[in-house]
Amino acid sequence: MSFDEVFDVIVIGGGHAGCEAASAASRLGSQTALVTMNLDLIGQMSCNPAIGGIAKGHLVREIDALGGVMGRVADRAGIQFRLLNRSRGRAVQSPRAQADRSMYRKEMRKTLEGTPNLHLRQGMVMELVLRQGRMAGIRLQDGRKFGAPAVVISTGTFLNGVVHTGRQTYKAGRAGEPSSIELAEALKRLGFPVGRLKTGTPPRLDGRTIEWSAFEPQPPDEVPVPFSFATDEIAQAQLNCYVGYTSPGVHAAIRQNLHLSPLYSGQIRGIGPRYCPSIEDKVVKFADKDRHQLFLEPEGHDTNEVYLNGFSTSLPAELQQELIRLIPGLEVARIIRPGYAIEYDFVDPRELGPDLQTNRVVGLFHAGQINGTTGYEEAACQGLIAGINAALAVQGRPRFRVRREESYIGVLIDDLINQGVDEPYRVFTSRAENRLSLRYDNADERLESYGRNLGLVGDFDWERFTQRRDRLARLGKILEGTRLKRSDAAYAAISAKLGVDLGDSVTLAQLGKRSGVGVDIIRSILPAEKLPGITDSEIESGLADSLYAGYIEAQRLNVQRVHQHDSLQIRPDFIFRGLSGLSHEMVERFERARPLTFGQARRIPGLTPAALSTLLIHLSVCDHPA
């Protein structure tokens, strides 16, 4: 077969995975084609226009540290930045930003169009072209044929996508766009094991028809925490989001009409995301709740469209309108776009290696929802890794991987390729055994050197990083070497504020291990001239290093202990519900798998390290035979 154009790498799909894959491959020097159905929708946020969140914000920071683009684009398009879990420990704090949907898309396309070696092409891919079991190229619906020895498939929900709104169903990758049926069939012909998953989206409302005074304002942070280490400040205007609630009347109406929901009629067979249930699921599974929280989130500065977060549904469009008007404050609200559910194909991610190349076809890489994940951030980090390795493969360079003990990206990929998925996978801090050392603020310390060695981190960003690293090292020495003594002027005030006697003297590093010690206390002891150029954020990072040092060592020993007991036996009739401290979800996963050894239990998809530790403690105490 002759090709109309020949590239080094082809990326199929212009979503969040595809954008990162194409950007990375091209910046590593490979001539790269990004092929997507509609170039105007590159970087489209199909669901909530938001980036980050619990653990997801960690992923964005890691993408940025490796030289990816999501964080920089989000910083330019964000309209409400908030650091989540601010009242909790630094390890579980995570940045999030509501984004201007249109601005994000424009900024992403602008970024890609300014990237050397990257070529944008519009078209629908129909067939994968192989030569002797290796990737050779692709064929498009319009007849064009593009050649490349490496292809990244990042098609999101488009593979055999079917949209459901009540009893209405139609083939679509998302509302208003066609599904990719032929490519899905091509993967099946190659022997890939394919399953079905489901996700959904809520209705969008006309903001002019909302009684805003009925909702609680949720303001942005006064000082936004950006995603990119290269962002000095967020300059664009910020907006409020709003918090509201459903009502018993809404719940009653949903129960009366469950037969119209494709989720409960049997029309939908794909498994949906556990942690983002539809409003129908919430009403049925949490029947004791008389209300559920909703977030009204603006979709941008120049639109009246409002995203009703927490009300994902596939009920009929006309019923959605009736339900919305039963919510206090939405009595006259109008729906601009109804919510819907979408079913789509995914390929078992156990078909992949740690470089995200498939085991069946040399040169074929998968990234994003095709691997069973959900979420923009999960997709983007896979796209980055797949794009990097596609380029490295073509160039004959060693493949790149990140380990689970050093990154959430490593946790995600390791979980996918070793455990597979039985529901849409999303990242959580609880999935990482080493989560205390995987903070959002130290992602650059963990990963930026990799990005530099690959060639994705430029001179300017590397200089910024090395300067910050040097400041943090200097801060660490200052905290270890400075003592607060009983005779010091600040001692009595700090001791009273913390409510404890600090002894005759204490180093600032030791002081940092105490709850309530923050930047204000360190600044009161060390004036600015003793901390030249060191920012408040860097002081917070230094205190976190002090706070977690002992815990991190204990965590390391615990992980080591867990992996040493794989031969411990579990009785066939073991009652997992009898283990104190296990969540309903963990019990459900244990009972579904019925492991007979601790090693088998450890490999059950979706189990948290805490659940495994609970089981191990019980097995050890009960002295099960090894």
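Predicted model: local features only at pLDDT ≥ 70, side-chain atom pairs only at ≥ 80, totals over all residues.

Colleague: How much space lies in the largest cavity, and which domains does its lining draw at least three residues from?

Modeller: The largest cavity holds about 80 Å³ of space. Its lining includes Asp 415, Tyr 425, Arg 431, Arg 589 and Pro 605. At least three lining residues come from each of two domains, namely domain 1 (5-200 + 344-454) and domain 4 (576-623).

Colleague: How many residues in the lining of the largest cavity are charged?

Modeller: Among the lining residues are Asp 422 and Glu 423, as well as Arg 589. The lining divides into four nonpolar residues, three polar and, as the number requested, five charged.

Colleague: Which helix gives the largest share of the lining of the second largest cavity?

Modeller: About 50 Å³ of space lies in the second largest cavity. Five nonpolar residues, one polar and two charged make up its lining, with Pro 354, Ile 385 and Ile 413 among them. The largest share, four residues, is supplied by helix H11 (residues 408-419).

Colleague: Turning to the open sheet of four strands, which residue in S10 is the bridge partner of Gly 137?

Modeller: The strand order is S1-S10-S9-S8, with mixed pairing, and the edge strands are S1 (5-6) and S8 (125-131). Strands S9 (residues 134-140) and S10 (residues 145-147) pair in the antiparallel sense over three bridges. The bridge partner of Gly 137 in S10 is Gly 147.

Terms used:
Residues numbered from 1 in each chain as written. Heavy atoms only, no water. Pairing = 2+ DSSP bridges. Helix = DSSP H or I, 4+ residues; strand = E, 2+ residues; numbered from the N terminus. 1 Å grid on protein atoms, 1.4 Å probe; cavity = no way out; pocket = protein on both sides within 12 Å on 5 of 7 lines; lining within 4 Å. Points joined across faces, edges and corners; volume = space filled by probe spheres on them. Nonpolar A, V, L, I, M, F, W, Y, C, P; charged D, E, K, R; others polar. Domains from an automatic or database assignment.
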